[in-house]
Amino acid sequence: MARPLRIEFAGALYHITARGNARGDIYVDEKDRAGFLELLATACDRYHWICHGYCLMDNHYHLLIETSDANLSKGMKYINGSYTQNFNRKHKRAGHVFQGRFKSILVEQDSHLLELCRYIVLNPVRAQMVRSAKDWPWSSYRGTVDQSKKHDCLTTDWVLSNFGKMRKPAVEKYRTFIKEGKNQPSPWLQLKNQVFLGSDEFVEDMQCKISLDQSLIDVPKKQKLKPVKPLDYYQNKFKTRNEAMAKAYLSGHYTLEKVGEHFGVSYATVSRAVKQIENKY
């Protein structure tokens with residue numbers, strides 16, 4: 001069977017999964033998982049993604065990503081490629097970490113985003129690894145309900161806004177929503193044509209985006225990108241100069257020269273700092 005086409009456009013929402021090669025574990029320890037989330041955070045900054053949810057299991061992961069540009073494959077190549085290099089170097093091994101290419105499902109946001117948020121954070125519960133979503137530290141659940149500090153890769157405002165205008169009552173309704181989903185069927189049972197999760201109208205619209213006679217009138221507008229943070233923000237937020245310079249450059253808003261000028265160093269020094277951070281767990 002031919003693998004399905006990858007449909008990419010501004011404003012698309014994807015449920016993304018990737019599994020370990022030969023069903024092997026892709027995370028050996030907590031540092032591996034933390035390193036993966038750092039790569040995800042960098043990808044969100046660099047490619048202007050919005051991460052609505054995630055869950056890192058042992059031999060696979062789930063992501064719920066909204067793209068502001070048509071760049072899903074580029075961002076996933078960065079995440080999986082960088083993680084493989086780091087993992088192999090750290091654990092003194094070689095070869096593939098992931099089994100083939102990642103899988104992406106194109107999701108209709110209005111009708112399925114919340115169901116997928118619930119499905120993703122309940123993965124460890126369904127696998128009987130923990131009793132409750134709050135017990136698994138490597139999903140977006142804790143950050144969404146303020147149980148722990150929200151990771152830089154995660155955006156929670158849109159999800160919680162579906163449960164109320166004020167954060168505290170919205171969080172409580174979100175908690176209830178997650179608890180009520182333990183025995184719900186997988187939303188993947190509603191998958192259409194291998195790659196679509198949504199109504200028939202949504203599927204038809206998405207198929208038009210790969211049609212040669214697609215009307216240009218209906219091409220979606222780019223969503224507003226995250227506001228540009230000043231270089232002083234990075235200088236004050238991070239403990240070391242190298243980390244501050246690297247994060248500023250990886251935000252995608254500044255050149256090596258511009259960052260170097262602000263920090264009083266050469267662009268080569270900034271480049272070395274970026275490589276150090278990208279290879280760091």
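This is a predicted model: local features need pLDDT of at least 70, side-chain atom pairs count only at pLDDT 80 or more; totals for chains, interfaces and linings use all residues.

Mentor: Let us begin with a word we will need: a residue counts as buried under 20% relative accessible area, as exposed over 50%, and as partly exposed in between, using a 1.4 Å probe and the protein chains only. Residues are numbered from 1 along each chain as its sequence is written, and side-chain values use heavy atoms, with hydrogens and water left out.

Trainee: OK, and what share of the residues of the protein count as buried?

Mentor: Of the 281 residues, 47% count as buried. The accessible surface comes to about 15,300 Å², and 50% of that belongs to carbon and sulfur atoms; such areas come from the Shrake-Rupley method with a 1.4 Å probe, and for residues only the protein chains shown count as cover.

Trainee: How many helices and strands does the secondary structure come to?

Mentor: There are 12 helices and 5 strands, where helices (H or I, at least four residues) and strands (E, at least two) are DSSP runs numbered from the N terminus.

Trainee: In what order do the strands sit in the sheet?

Mentor: The 5 strands form an open sheet in the order β2-β3-β1-β4-β5, with mixed pairing, and two strands are said to pair if DSSP finds at least two bridges between them. The edge strands are β2 (49–56) and β5 (196–197), each of which pairs on one side only.

Trainee: Which way do β1 and β3 run, then?

Mentor: They run antiparallel and are joined by 8 bridges, with Leu13 standing opposite Glu66 in β3. β1 also pairs with β4 in the antiparallel sense, over 4 bridges, and there the bridge partner of Ile16 is Ser104 in β4. β4 and β5, by contrast, pair in the parallel sense over 2 bridges, with Val107 having Leu197 in β5 as its bridge partner.

Trainee: Is β1 mostly covered or mostly open?

Mentor: Strand β1 (residues 12–19) is mostly covered, as 7 of its 8 residues are buried.

Trainee: Switching topic: how many aromatic pairs are there?

Mentor: The rule is that rings of Phe, Tyr and Trp (its six-membered ring) pair if their centres lie within 6.5 Å, and planes under 30 degrees apart count as stacked, over 60 as edge-to-face and the rest as tilted. By this rule the count comes to 13 aromatic pairs. In one of them, the rings of Phe36 and Tyr83 have centres 5.7 Å apart and planes at 80 degrees, so this pair is edge-to-face. The pair links distant parts of the chain, with Phe36 in helix α1 (residues 30–46) and Tyr83 in helix α2 (residues 72–90), 47 residues apart.

Trainee: Are those two buried or exposed?

Mentor: Phe36 is buried, with a relative accessible area of 0%, and Tyr83 is buried as well, at 1%. Tyr61 comes back here: its ring and that of Phe98 have centres 5.9 Å apart and planes at 85 degrees, so that pair is edge-to-face. Tyr61 lies in strand β3 (residues 60–67) and Phe98 in the loop between α2 and β4 (103–107), 37 residues apart, and Phe98 is buried at 8%.

Trainee: Which residues do the ring pairs link into a cluster?

Mentor: The cluster is made up of Tyr27, Phe36, Tyr61, Tyr83, Phe87 and Phe98.

Trainee: And what does Asp25 touch?

Mentor: Not counting residues up to four places away in sequence, Asp25 touches Asp58, Asn59 and Phe87, where contact means heavy atoms within 4.5 Å. Asp25 is in the loop between β1 and α1 and is partly exposed, with a relative accessible area of 49%.

Trainee: Last one: where is Ser140, and is it buried or exposed?

Mentor: Ser140 is in the loop between α4 (123–126) and α5 (141–144), and Ser140 is buried, with a relative accessible area of 3%. Leaving aside neighbours within four places in sequence, Ser140 is in contact with His52, Gly53, Tyr54, Val121 and Leu154.
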